[in-house]
Amino acid sequence: MGKATVRTVQTIIGHLFCSIYSYVKLEKLKMKTHINHFKLKTKYYLLGLKETFLKLSDLKTA
C-alpha cells in the first residue's frame, strides 16, 4: 500500500474548503427554514436512515 496523503497541503486545503462550504450551506438553510442546526441535522439524518432501510428492504425482497 502507498503512503497516505493525509497531511499534504492539497488535502488540507480541500478539507478546509469543504468544511467552510458545508457550514455556509447549513447557515443558509437555517435562515431559510428558521430551524436551528441541531434540528436540521437530526431531520436529515433520520431521512437518510429511513431511505437506507427502504432500499435495504427492497434488496431483501428482490
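**Reading the helices and their side chains**

Author: Helices (H or I, at least four residues) and strands (E, at least two) are DSSP runs, numbered from the N terminus. The model is predicted, so local features need pLDDT of at least 70 and side-chain atom pairs count only at pLDDT 80 or more, whereas totals for chains, interfaces and linings use all residues. Residues are numbered from 1 along each chain as its sequence is written, and side-chain values use heavy atoms, with hydrogens and water left out.

Reader: How many helices and strands are there in the chain?

Author: The chain has 2 helices and 0 strands. With a radius of gyration of 18 Å, well over the 11 Å that the globule rule gives for 62 residues, the chain is more spread out than a compact globule. The radius is taken over C-alpha atoms, and the globule rule is 2.2 Å times the number of residues to the power 0.38. Along the principal axes, the C-alpha atoms fill a box of roughly 45 × 40 × 15 Å.

Reader: What percentage of the residues count as buried?

Author: Buried means under 20% relative accessible area, exposed means over 50%, and partly exposed lies in between (1.4 Å probe, protein chains only). Of the 62 residues, 3% count as buried. H37, at 26% relative accessibility, is partly exposed.

Reader: Where is H34 placed, and is H34 buried or exposed?

Author: H34 sits in the loop between α1 and α2. Its relative accessible area is 72%, so H34 is exposed. The phi angle of H34 is near 60°, a positive value in a residue other than glycine. As for distances across the sequence, H37 and L26 are 11 residues apart along the chain, and their C-alpha atoms are separated by 7.1 Å.

Reader: Which residues form an aromatic pair?

Author: Rings of Phe, Tyr and Trp (its six-membered ring) pair if their centres lie within 6.5 Å; planes under 30 degrees apart count as stacked, over 60 as edge-to-face and the rest as tilted. The whole structure holds 1 aromatic pair. F17 and Y21 form this stacked pair, at 6.0 Å centre to centre with 15° between the planes. Both residues lie in helix α1 (residues 9-33), 4 residues apart, about one turn of the helix. F17 is exposed at 56% relative accessible area, while Y21 is partly exposed at 48%.

Reader: Which residue forms a salt bridge with E27?

Author: Side chains of opposite charge can pair when their charged atoms come close. The rule asks for a side-chain nitrogen of Lys or Arg within 4 Å of a carboxyl oxygen of Asp or Glu. By this rule the count is 1 salt bridge. K30 forms a salt bridge with E27, and the closest N and O atoms are 3.4 Å apart. K30 and E27 are 3 residues apart in helix α1, so about one helical turn separates them. K30 is partly exposed, with a relative accessible area of 25%.

Reader: Which residues form a nonpolar patch on the surface?

Author: Patches are made of residues with over 30% relative accessible area and no salt bridge; like charges are joined within 9 Å, and nonpolar side chains (Val, Leu, Ile, Met, Phe, Trp, Tyr) within 5 Å. Here, Y45, L46, L49, F53, L56 and L59 form a nonpolar patch, with about 650 Å² of accessible area together. Accessible areas come from the Shrake-Rupley method with a 1.4 Å probe; for residues, only the protein chains shown count as cover. Y45 is found in helix α2 (residues 37-61) and counts as exposed at 54% relative accessibility. F53 is also found in helix α2, and is exposed at 55%.
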